[in-house]
Amino acid sequence: MTSTASTSPSLGQRAFLALEKIFNRFFGEHLNPLYFLGAVAYFLLWIVIFTGLYLYAFFETSVVQAHASVDALTHGQRFVGGILRSLHRYASDGLVLVIALHMLRHFAFNRHRGFRWFSWVSGVVILWLTYASGINGYMLPWDRLSQFVVTATAEWFDVLPVLGGSMARNFISNANVSDRLFSLLSFIHIGLPLGVMTVLWIHTQRVPGARTNPPRPLALGLLASLTALSLLKPALSQAPADMATMVATLDFDWFYLPTYALIQQWGPANTWFLVLGATALLLILPWLPQRAASRPKSWSLALHPDERIIAVRAGETLLDAGLREGLPLPFECRNGGCGACKCTLLHGEVALLPYQASALSESERAAGKTLLCCAQALSDVEIDYVPQAGAKAHPAKRYVARVTQLELLSPDVMRVFLQIDGGATLPFHPGQYINIVLADGAKRSFSFATTPDTGGDIELHVRRVEGGRFTSAVFHSMRVGDTLRFEGPLGAFMLREDGDKSIIFVAGSTGFAPIKSMLEHAFHTGMQRRMILYWGVRSRCDLYLADLAQQWAREHANFSFVPVLSAPLSEDRWSGRTGLVHEAILADFPDLATHQVYACGSVQMVQAAQPAFAQHGLASDDCFSDAFHLAPQRAPRGNNAEMVQLGGTHV
Amino acid sequence: MSKPLPKPLRYALQGIAYAALAAVIGYFSTAPVYRQLGDNEAVLKLSFSHSGQLKFACRERDAAELAKLQPNMRSKMDCPRERALVRVELDMDGQPLYRVSTPPLGLQKDGAATVYRRLTIPAGAHHFSARLADGPDGAINFSKDIRVDLKPGQVIIVDFLTGSGGFVFTRG
């Protein structure tokens, strides 16, 4: 079953979507600046830092020379210092604007809650540090605006009980201002931007696949527009500061100084209440209650062609979940504008955050396509996507394990228990597998045969294959204490726990291993759905854990076990079901419309079963098998074919 | 899906968008102007840091009191550190302009009383009368009267320096 629900956009979302739609027409989806607000903020910060380094080289840290040195820089080297000074100011203004827009967008799209709280809170810190840096910068040229800013700052802080009027006293007359003030201000003007960069770095580290550079054409466009502005309207100092007088009006930077207007109008104490109150509100926004209906949960995401299952955190998009795991998911705008992250939804339900209609058409949606950057899981989800060209996926985690027990279950099946070095437990989903990595790098796949719920050693069922390098070693030379290297967990085959249909498990030979894992998990979680296991093997000795299956049937009323032999031997004295396992199922269940089927076994077995099941009403959405991934549902993709072999049937 | 715009038109529209961004940044970086003072207004800054008198006089400890103290603390005289609050009255042209009573700073209330207040006043000639009380009885013990002519935007600082005899009016 696949389903894509759309969330109705809020007013803020509609406003952004409308604006982004217009910008998409102008810039195209790949250069829309509204999709790169974070990266644009980075770019503007770099402009501020590099221009600031140049300005600092010419700045005189003294009362007499501060204003004159900035003026000399502005007018004396009009096309270098003058432009760089203007760029410094305008990029700083743009930075505040872009950060505010960036935060507003995340707020509008509800991307500040849950696990995103850290990014949100660090964003608030960055915003205030940026403000502090900019306001501090306005103190340096020592003009009329500097006079206003230092006086207002001192008056604002003086209202705090500890200071009580002593700070403003430093600025009541020209005689009170010394050269040391400028050394202090310069020091702060280096320290605060360093703080911005540090918190910004931390902020970015928490966002998987975060872009810190806007597309080059966009960066060039921004730089060109700010340079043109610098030429047309150079940033200039106002008259030199003079504490003996106050000018009636000031050319005011409304990006940085609106708080200072409030200090004058409302008084310092009220402005403190406003600023601290607003900050507190911003900081607690991620935890403010929201409507119960929109409260998200955590789910699993199975991906092809990676053959991985990863966790999707509450409120996380599928794209973020995949990028967090280092998967090469395709993306560009991350905001439902470009459609680069389109994928096929194979199973499960997702809710789509608002997106541009041009990114995903109705017909594409009807065909099961969805947008990774907008899709939030409403159930366990399985998708297929085309990896980003040239991107390298992080390999599955590798472990070293020790063999703790070897048990011959039948002449051809060995039960192998492994313990990871250091005693760590490996989280996995019932149905997944590991790849044993041989000395030459070759890999052999074996399914987990226990439930992950109880921890303990990893259990594998290894079937002997004549001439097989690894399986021969298991049967002839492997000893308790030997070490093995493996990678995992892998595979997208897992038990769907969100339905209520009866489940038919079909195991062929050692395909019993993942089924055992699923069943033990189902029993552990108390699943009440009807479950029937059909285990198809050649002869009786191949039913290597039949006693266990029969014990389950005795212990769980909702479970039954049907062994099926395809070629019973005379000494088996078999009176049970015979023939092909899928034929036995069809004989018992001529109508499979109300069932789910989980099949594990040889490719031949599932290739024979799948069309027969489909003819008897089994919906393709209710048929799960790793073997089906090879054929006929999807064609094998090169080396991936090896990875989906199950149950130790590969050599 | 709407038809893509022709390239030249797209570039033109991009140019307009960049220009609009630059215009917004360019305008709001200096405008609208902020008015901090009326055209015919001047500024008075009352600012001083002054320690009031000790609130309590020293007294001699009796033998019993001394015995209760640690040997190294047995000072004969007990001089409480707490200082009196400082009260200031400032009148302009016979009308009260500002009144404040400021307690001394510090946990022991033994620090200076600090006052800072910026007041906007009409420019022109004014008669200022400043009075200060810093004793425990609250009686005015410093005062000064002065006539000042202030130009628009001019700042007059009213300080209090004991070494200079009390109030000091400094024209900016």
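Reader: Are H16(A) and H17(A) roughly parallel or roughly antiparallel to each other?
Author: The axes of helix H16 (581-588) and helix H17 (603-615) of chain A come within 9 Å and cross at roughly 20°. Here axes are lines fitted to C-alpha atoms, for helices over the stretch in contact, and angles run from 0 to 180 degrees between N-to-C directions. Angles under 35 degrees count as roughly parallel, over 145 as roughly antiparallel, 65 to 115 as roughly perpendicular and the rest as oblique. H16(A) and H17(A) are therefore roughly parallel.

Reader: What kind of model is this?
Author: Residues are numbered from 1 along each chain as its sequence is written, while chains are lettered from A and ligands numbered from 1 in the order written. Local features need pLDDT of at least 70, side-chain atom pairs count only at pLDDT 80 or more, and totals for chains, interfaces and linings use all residues, for this is a predicted model.

Reader: Which residues of H17(A) meet H16(A)?
Author: Contact means C-beta atoms, placed from the backbone, within 7 Å. H16(A) brings A:Val581, A:His582 and A:Leu586. On the H17(A) side stand A:Met605, A:Ala608, A:Ala609, A:Ala612 and A:Phe613.

Reader: How many residues of that contact are nonpolar?
Author: Ala, Val, Leu, Ile, Met, Phe, Trp, Tyr, Cys and Pro count as nonpolar, Asp, Glu, Lys and Arg as charged, and the others, Gly among them, as polar. In the contact of H16(A) with H17(A), no residue is charged and one is polar. The nonpolar residues number seven.

Reader: Which strands stand at the edges of the parallel sheet in chain A?
Author: Helices (H or I, at least four residues) and strands (E, at least two) are DSSP runs, numbered from the N terminus. Two strands pair if DSSP finds at least two bridges between them. This open sheet has six strands in the order E18-E17-E16-E15-E19-E20. Each edge strand has a single partner, so one side is left without a neighbour, and the two are E18 (577-578) and E20 (623-625).

Reader: Which residue stands opposite A:Leu565?
Author: E17 (559-565) of chain A pairs with E18(A) in the parallel sense over two bridges. In E18(A), the residue opposite A:Leu565 is A:Thr578.

Reader: What angle does the direction of H15 make with that of E17(A)?
Author: H15 (546-555) of chain A packs on the sheet. It touches E16 (531-537) and E17. The angle between H15 and E17(A) is about 150°.

Reader: What is the average twist of the antiparallel sheet, from one strand to the next?
Author: Six strands form this open sheet of chain A, in the order E12-E11-E14-E9-E10-E13. The edge strands, E12 (443-447) and E13 (458-463), each pair on one side only. From one strand to the next, the twist averages 40°.

Reader: Which element gives the most to the side of chain B that touches chain A?
Author: The contact takes 40 residues from chain A and 38 from chain B. Helix H1 (7-28) of chain B is among the elements that each supply at least two residues. With 11 residues, the top contributor is H1(B).

Reader: What is the bridge partner of A:Leu250?
Author: Strand E2 (249-250) of chain A pairs with E1(B) in the antiparallel sense, over two bridges. The partner of A:Leu250 in E1(B) is B:Tyr34.

Note on methods
Contact = placed C-beta atoms within 7 Å.
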